[in-house]
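Colleague: I'd like to learn how to read a structure like this one. Could you take me through it?

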Amino acid sequence: WLAPFACDKRSLLARRHPEWIIRNERGVPANSANCGKFFYGLDATRPEVREHASRAIRRAVEEWGFKCLKLDFLYAACLPGVRFDRTLTRAETMHLALETLREAAGPDTYIIGCGCPLLSAVGIVDSMRVSADTGPTWNPAFPLPWWDQANLPCLRNMIRNSINRMCLSDRWWHNDPDCLLLRETTSLTLNEVRSSATVVAMSGGMMLLSDDLPALDPSRVDIATKIYPMSGAAAVPLDMHLGCAKILRLACTDVAAVADAPVRPCTRRTSTGTIRRGRHRNLARVCPGLGSWSCVALCNWSDRPSVVRSPISVMLPPLDLNANDCSYESEHSAGYHVFAFWSSRYIWIPERCSGEKTFSKRLSAHDCEIFHVKAVKENSVQYVGSTLHFTCGQEVESFDAMHDGAVLQMANGLCRSGYVYLFLPHLRECKWTVGGRKLEVPPEQVMVVPLYENNLDMFVGRVVKVKVDVKGDRRSDDGKIIVRY
C-alpha cells in the first residue's frame, strides 16, 4: 500500500522539499480534505516529484518483489493550486502522474487504484476502488455526520457506490468494492455482513479480506467461502431509477458461444486481467451440461423489514441464451426451479406464472437473498444448485446427464462442505455414490415437481438434496456424485 503523491505535513520530505507541495496563489498548501488527517499533495508536473514517485514504485516491485500494488490517495496529485508547469490542466496532471506510476511498475504488476478520479485512470490501472470506504457500522459512526449519503466510511455507502458503479467492472477495470468485513467485533449484523458479501459477489471483480481468518467464527468464514472464487462477471442493477437498486441480475450459462467468447486485455498496457466483449461481461461461464439461468439478488436497503418485489419475467435468463435449450421453448414447459441460496430453500414456479406474477420476498433490514431461476427439463437430470457457491454453477467441474442417470464432479481444489440439489425426472429409487462411497440411505427428497399447477396426479420428477464433503485433495472421486436409475 503506497500513497506516492501524498506526504504528511510533518514528514521529512515536507521539510526538505517544500517546493514540491501544491500551494495556492498565497503560498498556502492545498487542502487534501482527507477524513481524520490532513496531508499535502505533491506537484506531479515537477520532474523531480515524478522521479521520487517512480523510485518508490520501483523499490516495491524490483527490490521488495511485490506483484500487486494498491496506490491510494492518488487525487493528491491534482489538488487545486499553482503548479510548476502551468500549461497542464489538473486532468492532464492526473493522467501524467498515473502514467508515471504504470511505467515504473511495469506491465506485469497488478495495480489497484484508490482515491482517484475515475476517467484519468482508464487504461492504466488493473483495478479501481469504486466505493467509499467500508466500515464497522451501517451508517457513519459518531463523530462522523450520519446524514452523509455517499462519502463517509460505512457499509451503507460502500454498498450504494458499488452498485451504482457495477457497470464499470470488466469495461474499464476490475471493480474493487473494498474489504469484506467478517469479524464479530464490528457493529454489523450477520444479515449486513451477508448483504456486503452479496454486493461484493455480484460486482464480479475483486474480493479483499483483512480479517484474521483463523480467529473468525466458522459461520463468518463460511460467508466468504460461498462467494470465492469470484465469478468474473458483473451483475446488472435493474431498478436504479428507484434509488439504490434492490434487484441485481447476473446470468450464468454454458452456451458455447458465450463460454468460448474471445477475451482481450483488461487494460491497454497489461495482460493481468481479461475483459469480455459486449454483453458477455454480464454472463458467468459454467461447465457444459448445466444450462442457462439467472442469478438474481433481491435486497432490502431500508432500516426496517420490508417486502421486496420483482416481476418473475425479470428474473428469467435473457432470451438470447436459450436458443440451445429447448426446455425454455417447449409449449408444455414444466415451469421453473427457483433456489434461494442464502436460506437454502427450493420452490417451483409454474410456467404460466412467468409473465404475469410478481415474485416477492420479505427481508429483514439491510438483508439480501440470491435466487437462481432455471427452466425445468422434463426428461433429464438437472443441476438445480448448491450451498457451496453463490452462482450455483461455478463450483461444478463437470456434469454429464445420461438416459439412466448422471455423473457430477464438483471442483475439488478447495475444501468445502454443503448440499447439492438435483432434479430427477422420475420418482423411482436410485443408486447413489458420493465421494467414492455408496449411500445406504437415499438423499432427502425436497419436493415432488408437478407437471401442472394444482394437479397433484401428474409429476415430472422430484428434487433431492445430496450431502457432499469436498476434501480438496484432488482425488478422482473427491466431490464426485453418481446417480443411477
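This is a predicted model: local features need pLDDT of at least 70, side-chain atom pairs count only at pLDDT 80 or more; totals for chains, interfaces and linings use all residues.

Colleague: Let's start with the residue. Where is S292 found?

Modeller: Look for S292 in the loop between β11 (283-285) and β12 (293-300).

Colleague: Is S292 buried or exposed?

Modeller: The idea is to compare the relative accessible area with a cut-off: buried means under 20%. S292 has a relative accessible area of 2%, so S292 is buried.

Colleague: And which side chain does the side chain of S292 join in a polar contact?

Modeller: That of T253, with a polar contact of 2.7 Å between the two side chains.

Colleague: On to pockets, then. What volume does the largest pocket have?

Modeller: About 830 Å³. Next, check the lining: 25 residues line the largest pocket, and G115, S131, A132, D133 and N151 lie nearest its centre.

Colleague: How does the lining of the largest pocket divide into nonpolar, polar and charged residues?

Modeller: There are 13 nonpolar, seven polar and five charged residues in that lining.

Colleague: How much space lies in the second largest pocket?

Modeller: About 320 Å³. The second largest pocket is lined by 18 residues, with V434, G435, R437, K467 and D469 the closest to its centre.

Colleague: Which strand gives the largest share of the lining of the second largest pocket?

Modeller: Strand β25 (residues 455-470), with five residues. By class, the lining of the second largest pocket has nine charged, seven nonpolar and two polar residues.

Methods
Residues are numbered from 1 along each chain as its sequence is written. Side-chain values use heavy atoms; hydrogens and water are left out. Helices (H or I, at least four residues) and strands (E, at least two) are DSSP runs, numbered from the N terminus. Buried means under 20% relative accessible area, exposed over 50%, partly exposed in between (1.4 Å probe, protein chains only). A polar contact is a pair of N or O atoms within 3.5 Å; within protein, one must be able to donate a hydrogen and the other to accept it, and residues adjacent in sequence count only if both atoms are side-chain atoms. On a 1 Å grid over the protein atoms alone, a cavity is a set of points where a 1.4 Å probe fits but cannot get out, and a pocket is an open set with protein on both sides within 12 Å along at least five of seven lines; lining residues have an atom within 4 Å of a point. Grid points are joined across faces, edges and corners, and a volume is the space filled by probe spheres set on the points. Ala, Val, Leu, Ile, Met, Phe, Trp, Tyr, Cys and Pro count as nonpolar, Asp, Glu, Lys and Arg as charged, and the others, Gly among them, as polar.
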